[in-house]
Amino acid sequence: MKSEEELWVKQVVLGGPDAENAFKAISVRYGPKLYSQIFRIIQNEAISKDVLQNVFIKVWRNLSSFKQESNLYTWMYRIARNETLNYLEKEKRRTGVDMDDSMIEIVAGHNGLDNLTEQEIWDSLHAAIAT
C-alpha cells in the first residue's frame, strides 16, 4: 500500500495526464475516512463537506511538500484536523458576542429600564443572551 501511495504522490507532484487520476485515487481512498473524522467534530453534514473540500485543496497544493516521513493518510489527517479546528475557531469568532460598556445605551422613555441600575441592565442583558 505504501508503494501505491508513493506512486500517487509522485504522479500528482509531477503533474501531467496521470496527476488527476492519482489525486482521484487518493480522494476515493481517504475521503470517507477524513469526512468521518471531520463530521465527528462538526456534527453538520454540509459544513463537514465544505471543510473536507478545503482539506483536499490544501492537499493538492501542498503535496509536493509531503516528506513521506509518515503515511499519506496521517499527513492528510493532520490537515483535516487543523482545517476543522480553524473552522470552529472562525465560527466562534463570528458568532461570539463580546459586550463592553460602550455598546450599551439606555434609550429614554423606557420606564422599565429607567428604574434599573446599569449593573441590573447589564445582568439582564447577559441573561437574555445566554438563553
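## Gln68 and the loop between H3 and H4

Gln68 has a relative accessibility of 31%, so it counts as partly exposed. That value lies between the 20% limit for buried and the 50% limit for exposed. The residue sits in the loop between H3 and H4. The model is a predicted one.

The backbone of Gln68 also deserves a look. Its phi is near 60°, a positive value in a residue other than glycine. Most residues other than glycine have a negative phi.

## Gln43 and the loop between H2 and H3

Gln43 belongs to the loop between H2 and H3. Its relative accessibility is 53%, and Gln43 therefore counts as exposed. The cut-off for exposed is over 50%.

## The chain as a whole

The secondary structure consists of six helices and zero strands. In sequence order the pattern reads α-α-α-α-α-α. The chain has 131 residues, and 25% of them count as buried. Its accessible surface is about 9,300 Å². Carbon and sulfur atoms account for 51% of that area.

How much of the contact set joins residues at least 24 apart? Among contacts between residues at least 6 apart in sequence, the share is 52%.

## H2 against H3

Helix H2 covers residues 17-42, and helix H3 covers residues 45-62. Their axes lie 9 Å apart, at an angle of about 140°. H2 and H3 are therefore oblique to each other. The label roughly antiparallel would need an angle over 145 degrees. H2 passes H3 in a right-handed crossing. By class, this contact has 14 nonpolar, three polar and two charged residues.

On the H2 side, the residues in contact are Ala19, Phe23, Ser27, Gly31, Leu34, Tyr35, Ile38, Phe39 and Ile42. On the H3 side they are Glu45, Ile47, Ser48, Lys49, Val51, Leu52, Val55, Phe56, Val59 and Trp60.

## Ser48 in H3

Is Ser48 buried or exposed? With a relative accessibility of 0%, Ser48 counts as buried. Its place is in helix H3. Setting aside neighbours within four places in sequence, Ser48 contacts Tyr35, Ile38, Phe39 and Ile42.

## H2 against H4

H2 also packs against helix H4, which spans residues 72-95. Here the angle is about 35° and the axes are 10 Å apart. This crossing is right-handed. H2 contributes Ile26, Tyr30, Lys33, Leu34, Gln37, Ile38, Ile41 and Ile42. H4 contributes Leu72, Tyr73, Met76, Tyr77, Ala80, Thr84, Tyr87 and Leu88. The residues of this contact divide into 13 nonpolar, two polar and one charged.

## Glu83 in H4

Glu83 lies in helix H4. Which residues does Glu83 contact, leaving aside its neighbours within four places in sequence? They are Val51, Asn54, Val55 and Lys58.

The limit for buried is under 20%. By class, Glu counts as charged.

Technical notes:
Residues are numbered from 1 along each chain as its sequence is written. This is a predicted model: local features need pLDDT of at least 70, side-chain atom pairs count only at pLDDT 80 or more; totals for chains, interfaces and linings use all residues. Side-chain values use heavy atoms; hydrogens and water are left out. Helices (H or I, at least four residues) and strands (E, at least two) are DSSP runs, numbered from the N terminus. Buried means under 20% relative accessible area, exposed over 50%, partly exposed in between (1.4 Å probe, protein chains only). Contact means heavy atoms within 4.5 Å. Accessible areas come from the Shrake-Rupley method with a 1.4 Å probe; for residues, only the protein chains shown count as cover. Axes are lines fitted to C-alpha atoms, for helices over the stretch in contact, and angles run from 0 to 180 degrees between N-to-C directions. Angles under 35 degrees count as roughly parallel, over 145 as roughly antiparallel, 65 to 115 as roughly perpendicular and the rest as oblique. A crossing is left-handed if the near helix is turned anticlockwise from the far one by less than a right angle, and right-handed if clockwise.
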